[in-house]
Amino acid sequence: HNPDHVKKPPSEAMIFGSLCHTLLLNDEPFGRNFILRPTKLDGKAWQGNRTVCKEWMAEAEKDGRYVVTEAQVERVKLMAKDAAQYPEIQMGALSGLVERSMFARDPKTGIWLRARPDVLSLASSDHVDLKTVSKMDENFLRRQFSDAGYILQASLTRMICRLLDYPFNGFTLIYILNDEVPDTAHVDVS
């Protein structure tokens, strides 16, 4: 609620991650946040420098939806196909309550805390966060884990669950590789 808050436009990676969430977790209708860019406009192939294409983009972005391409949607479908074969996902890691916020007041400080894991798994009481990554290299994942503060996310989720008396079996990160040959992996955060 900071009136001076500056909202940065999302990066391409953030938009793609949101597209993955929408298509993999089925958390909301595609058309609510996304619009598919046409491959042709006025009978000609899409070319971003054409005036008509620029006008289409300007109009499409007015309503706050992200413009995505058919190629991006197909990439997510390929990633989803790989993920569907992953044992953790087959056992229900992504089945449960999707994008649910949990709030609790810290009894010592009185400060309200919030956690929002991607999935509150009904199968195992694990809390799951889905991440798309550009590579599956262990050093890259380790650095991302640290730089993005995933350990804090897991700790805060555990803390809030304890305050709410809500089951907490663990916190799992599921990584899906954004590549022409996708791959899926998971990390249980201890």
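Leaving aside neighbours within four places in sequence, which residues is P10 in contact with? Select P10, and then I15 and Y66: these are its contacts. Contact here means heavy atoms within 4.5 Å.

Before moving on, note that this is a predicted model, in which local features need pLDDT of at least 70, side-chain atom pairs count only at pLDDT 80 or more, and totals for chains, interfaces and linings use all residues. Residues are numbered from 1 along each chain as its sequence is written, and side-chain values use heavy atoms, with hydrogens and water left out.

**Stop 1: P10**

Stay on P10. It lies in the segment before α1. Helices (H or I, at least four residues) and strands (E, at least two) are DSSP runs, numbered from the N terminus. P10 is partly exposed, at 32% relative accessible area. Buried means under 20%, exposed over 50%, and partly exposed in between (1.4 Å probe, protein chains only).

**Stop 2**

Select E12, I15, R37, M57, E61, G64, R65, Y66, V67, V68, T69 and Q72. They line the second largest pocket, which holds about 180 Å³ of space. The method uses a 1 Å grid over the protein atoms alone. A pocket is an open set of points where a 1.4 Å probe fits, with protein on both sides within 12 Å along at least five of seven lines; lining residues have an atom within 4 Å of a point. Grid points are joined across faces, edges and corners, and a volume is the space filled by probe spheres set on the points.

Colour by element next. α1, α3 (51–62) and β4 (66–68) each supply at least two lining residues. β4 has the largest share, three residues. By class, the lining has five nonpolar, three polar and four charged residues. Ala, Val, Leu, Ile, Met, Phe, Trp, Tyr, Cys and Pro count as nonpolar, Asp, Glu, Lys and Arg as charged, and the others, Gly among them, as polar.

**Stop 3: the largest pocket**

Select A13, M14, G17, S18 and H21. Of the 30 residues that line the largest pocket, these lie nearest its centre. The volume of this pocket is about 860 Å³. α1 and β9 each give two or more residues to its lining. α1 gives the most, with seven. The lining divides into 10 nonpolar, 10 polar and 10 charged residues.

**Stop 4: the largest nonpolar core**

Select L19, L94, I174 and I176. They have the most contacts inside the largest nonpolar core, which has 22 residues. Such a core is a set of buried Ala, Val, Leu, Ile, Met, Phe, Trp, Tyr and Cys residues joined through side-chain atoms within 4.5 Å. α1 (12–25), α4 (70–84), β9 (126–133) and β10 (170–177) each give two or more residues to this core. The largest share, six residues, comes from α1.

Zoom in on L19. Beyond four places in sequence, L19 touches F30, F34, V68, Q72, V73 and V76.

**Stop 5**

Select H127, in strand β9. Is this residue buried or exposed? H127 counts as buried, at 1% relative accessibility. Among its contacts beyond four places in sequence are P117, C161, F168 and T172.

Finish on L97, in strand β5 (residues 96–98). L97 is partly exposed, at 29% relative accessible area. Outside four places in sequence, L97 touches D118, V119, L120, L122 and Y166. P107 is 10 residues from L97 in sequence and 26 Å away in space, C-alpha to C-alpha.
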